[in-house]
Amino acid sequence: MKRMLKTVTGLLIFALIAAVVFFYSIFVSVERLTVDYNTITSSKIPLAMEDVKIAFISDLQYNRFMDKERLSAMVKTINEVKPDIVIFGGDIFDLPLTYVPNDATKQEVSQLLKQIEAPLGKFAVLGEQDNVDEGVRSMVVDALMDSDFELLNNTAKRLRNGTDDSITLIGVDSLINGTPDFNLAFANAPEEQFRILVTHCPDLVQAEGFASNRVDLMLAGHSHAAQIYIPLIGSLSSDEGATLYNHGKHRIDHMILHITNGMGTTTMDMRLFSPPQMIVYRLKHEQGTSSSSSPDTPINEQEQQENTDPNIEQEADSQT
């Protein structure tokens with residue numbers, strides 16, 4: 001009898017824990033945008049760009065699970081961080097050929113993205129959902145333009161802060177449904193400058209012609225960290241375009257590859273140990289040496305701490 005009682009009690013405790021986790025993953029985690037703070041130091045970062053904050057967001061997946069209320073709260077979080085530059089990694093709409101955005105939806109998402117404040121500029125690349133056909137691509141490009149994002153499609157842009165000194169942001173088209181062109185993208189990217197490459201799919205690093213020694217920091221999205229990520233086990237699934245790298249921060253030669261969990265959800269509106277995420281990098285000039293990386297926390301290890309604002313979860317700074 002005692003053994004049966006222990007078994008029933010154990011099962012009830014397990015069921016309670018499972019119910020709490022399930023509730024959190026569906027009703028809480030999907031709503032809360034975490035902020036992953038990082039600092040990157042290099043002699044190639046000019047003094048004029050010292051302490052400039054770059055925010056990277058991706059994968060809105062609007063018009064299915066992501067709605068006006070949820071995105072409005074996330075935009076508020078982005079603006080509270082006060083980034084100088086905002087970069088969007090692609091996929092505005094979720095399955096736009098299935099869940100076709102109407103004119104009101106397109107205007108709604110443009111107005112929300114337009115509210116994002118970044119005094120030194122807002123930039124974007126396209127994701128595989130943005131490139132699914134020419135009609136969708138045109139719709140997304142219009143939405144980006146209407147919200148003051150500049151599209152970087154296999155091209156480079158000098159980023160400045162009041163002087164002629166600059167770093168270079170390189171935007172490369174999506175590995176899936178896109179046409180990445182490294183020769184075109186790097187044509188106006190001086191080798192002596194600090195170079196940030198942004199693209200949608202992290203597995204672009206495996207594409208023919210990619211050279212990690214030409215990039216200091218690479219930012220990507222696409223994977224959503226599978227939306228369910230189990231510590232010590234990893235992502236429960238992987239998608240084409242994010243099979244080799246699908247979560248967190250990785251060192252490839254001297255380049256840092258950082259993959260965001262994204263903001264929205266797809267297939268199911270659920271996240272477990274892979275919350276919506278914005279990555280923020282603070283730039284630091286280092287004298288007398290070449291680019292260096294020295295993380296405060298180990299690569300791929302993320303430490304969260306609660307903020308007084310319930311809409312923000314912040315992660316500890318790491319220096320790379």
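Visitor: Is the crossing of α2 and α3 left-handed or right-handed?
Guide: Right-handed. That is, the near helix is turned clockwise from the far one by less than a right angle. Helices (H or I, at least four residues) and strands (E, at least two) are DSSP runs, numbered from the N terminus.

Visitor: Where do the numbers come from?
Guide: This is a predicted model, in which local features need pLDDT of at least 70, side-chain atom pairs need 80 or more, and totals for chains, interfaces and linings use all residues. Residues are numbered from 1 along each chain as its sequence is written, and side-chain values use heavy atoms, without hydrogens or water.

Visitor: Back to the helices. At what angle do α2 and α3 pack?
Guide: About 15°, with the axes 10 Å apart. Helix α2 covers residues 68–81, and helix α3 covers 103–114. The two are therefore roughly parallel (under 35 degrees).

Visitor: Which residues make the contact?
Guide: From α2, K68, L71, S72 and V75. From α3, E108, V109 and L112. Contact means heavy atoms within 4.5 Å. The residues of this contact divide into four nonpolar, one polar and two charged.

Visitor: New topic. How many helices and strands are in the chain?
Guide: Five helices and 16 strands. The chain has 320 residues, and 53% of them are buried (under 20% relative accessible area). Among contacts between residues at least 6 apart in sequence, 75% join residues at least 24 apart.

Visitor: In what order do the six strands of the open sheet run?
Guide: β6-β7-β8-β9-β13-β12, with mixed pairing. The edge strands are β6 (155–160) and β12 (248–252), and each pairs on one side only. From one strand to the next, the twist averages 20°. Two strands pair if DSSP finds at least two bridges between them.

Visitor: How many bridges do β6 and β7 have?
Guide: Six, in the antiparallel sense. Strand β7 spans residues 166–171. T155 stands opposite G171 there.

Visitor: And what does β9 pair with?
Guide: Strand β8 (residues 195–198) joins β9 through three bridges, and they run parallel. I196 has L217 as its bridge partner in β9. Strand β13 (residues 255–259) also pairs with β9 in the parallel sense, over four bridges. L219 faces H258 in β13, while A220 has I259 as its bridge partner.

Visitor: Are the residues of β9 buried or exposed?
Guide: Buried. L217 and L219 point one way from the strand, and M218 and A220 point the other way.

Visitor: What about β13, is that covered or uncovered?
Guide: Mostly covered, as five of its five residues are buried. M255, L257 and I259 lie on one side, with I256 and H258 on the other.

Visitor: How do β12 and β13 run?
Guide: Antiparallel, joined by five bridges. G248 has I259 as its bridge partner in β13. In the hairpin of β12 and β13, two residues lie between the strands, and D253 takes a positive phi near 55°.

Visitor: One last residue. Where does M268 lie?
Guide: In the loop between β13 and β14 (277–285). Leaving aside neighbours within four places in sequence, M268 is in contact with F65, Q227 and I228.

Visitor: How far apart are M268 and Q227?
Guide: They are 41 residues apart in sequence, and 8.9 Å apart in space, C-alpha to C-alpha.

Definitions and conventions: Axes fitted to C-alpha atoms, helices over the stretch in contact; angles between N-to-C directions. Parallel < 35°, antiparallel > 145°, perpendicular 65-115°, else oblique. Nonpolar A, V, L, I, M, F, W, Y, C, P; charged D, E, K, R; others polar. Buried < 20%, exposed > 50% of the residue type's maximum accessible area, 1.4 Å probe, protein only.
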